[in-house]
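Dear colleague,

Please find below the structure that I am handing over to you. My findings follow it, arranged by region.

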Amino acid sequence: MTQLIDGKALASSLMAKLKNSVAQQQRQITLAVVQVGDDPASTVYIRNKHKACEKVGIRSLHIHLEGDITSGSLLDTVHTLNSREDVDGILVQLPLPSGIDEGEVIRAIDPAKDVDGFHPINIGRMMLGEDCLLPCTPAGIIALLKSNGVDINGKECVVVGRSNIVGKPVAQLLLQAHGTVTQCHSRTRNLAEVCRRADILVAAVGVPRLINADFVKPGAVVIDVGIHRMADNTLCGDVDFDSVKDIVGAITPVPGGVGPMTIAMLMQNCVRAGHCGN
Ligand SMILES: Nc1nc(=O)c2c([nH]1)NC[C@@H]1CN(c3ccc(C(=O)N[C@@H](CCC(=O)O)C(=O)O)cc3)C=[N+]21
């Protein structure tokens, strides 16, 4: 029987624990979410982040800027949030409108308040295996594997995708957990064949249902990071769930898999940034 890896359930239980630890603290923890423009997907994700803050007892600020703002005034906004003692975490929702240099904006965030774990300082610390704010989706994937009893040590791990926010860092965390890691991308030859080696397959490609029965080994653990809204308004992932479900040993659903864990890890990073008391 294929095991369904329930991200929603794990996220809820982690958030219940965080709620307790927040309740024991004297100081209010505050997350500032900066949105630029009106991308509808961003609006949905940001709403989910605010709801999560409410559940955990974190105060959330929504700083909504016009889509045609200059990068100078966005940087000013970030600098102001850096200097505010009542703000513990800063998240600038991506993607930013074209014309704004995302890297420059991320580098402007105080690394101690970088609850996305995207600042080069935090990425560098992660690479070195140091204690730091970890990127939320990769950290959520590792937490899902561990809590579902999936041992990473010595396993063949194949990551499809090499983005800075998921592919690269999740490969790094799997390596630190002693996996044998292969990173695939759009130039990889014989992608299906490489994927079939995987004991643990992480799909973070951004192509709806790319990963089908040809890409999985019987019994493999499949983590689907993709999230695509289809024409009929349903959500699907990078994995063709129905095609692989009777072959694999365990799989995350979309929705209800990696997405809720990303948000739970964001809450954990906020609590952590708050404790460190900038
Ligand atoms: N600075 C920044 N940080 C991010 O963490 C960030 C970002 N920018 N830009 C966009 C991506 C995407 N992302 C998601 C978070 C939660 C769900 C999520 O909760 N998904 C639900 C379904 C949500 C729905 O119904 O649409 C699920 O999979 O069950 C999805 C996607 C965070 N991102």
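Which elements cover the buried residues of helix 6? They include helix 1 (7-23), helix 7 (167-176), strand 7 (200-203), strand 8 (221-224) and helix 10. Please bear in mind throughout that this is a predicted model.

Helix 6

Helix 6 covers residues 136-147, and its end C-alpha atoms are 16 Å apart; this agrees with the 16 Å that twelve residues should span at 1.5 Å a residue. Nine of those twelve residues are buried, so helix 6 is largely enclosed by the rest of the structure. The buried residues are Cys136, Thr137, Pro138, Ala139, Gly140, Ile141, Ile142, Leu144 and Leu145. Just after the helix, Gly149 adopts a positive phi of about 75°.

Helix 7

Helix 7 is likewise described by its burial: seven of its ten residues are buried, so it is largely enclosed by the rest of the structure. The residues concerned are Gly167, Pro169, Val170, Ala171, Gln172, Leu173 and Leu174. They pack against helix 5 (120-127), helix 6, strand 5, strand 6 (180-184) and strand 7. Just after helix 7, His178 has a positive phi of about 75°.

Shell around the ligand

The ligand is surrounded by 17 residues, of which Tyr45, Leu94, Pro255, Gly259 and Thr262 are the closest. Helix 2 (40-56), strand 4 (89-92) and helix 10 (258-275) each contribute at least two residues to the shell. The largest share, four residues, comes from helix 10. Domain 1 (27-111) and domain 2 (136-258) each supply at least three residues of the shell.

Annotated positions

The unreviewed UniProt entry lists Gly161, Arg162, Ser163 and Ile227 under "binding site". I looked at two of these positions in the model.

Gly161 lies in the loop between strand 5 (156-160) and helix 7. Is Gly161 buried or exposed? It counts as buried, because 23 C-beta neighbours lie inside 10 Å, where the cut-off is 20 or more. Leaving aside residues up to four places away in sequence, Gly161 touches Val166, Gly167, His185, Ala204 and Val205.

Ile227 is placed in the loop between strand 8 and strand 9 (228-229). With 19 other C-beta atoms within 10 Å, Ile227 is partly exposed. Again leaving aside residues up to four places away in sequence, Ile227 touches Leu235, Gly237, Val254 and Gly259. Gly259 is also one of the closest residues to the ligand.

Asp39

Asp39 is found in the loop between strand 2 (30-36) and helix 2. Asp39 counts as partly exposed because it has 17 C-beta neighbours inside 10 Å. Which separation along the chain goes with the 8.7 Å between the C-alpha atoms of Asp39 and Pro95? These two residues are 56 residues apart along the chain.

Yours sincerely

Note on methods. Residues are numbered from 1 along each chain as its sequence is written. This is a predicted model: local features need pLDDT of at least 70, side-chain atom pairs count only at pLDDT 80 or more; totals for chains, interfaces and linings use all residues. A residue is near a molecule or strand if its C-beta atom, placed from the backbone, lies within 6 Å of it. Domain bounds come from an automatic or database domain assignment. The expected span of a helix is 1.5 Å times one less than its number of residues. Two residues are in contact if their C-beta atoms, placed from the backbone, lie within 7 Å. UniProt positions are given in the numbering used here, feature names are shortened, and annotations may be inferred rather than shown by experiment.
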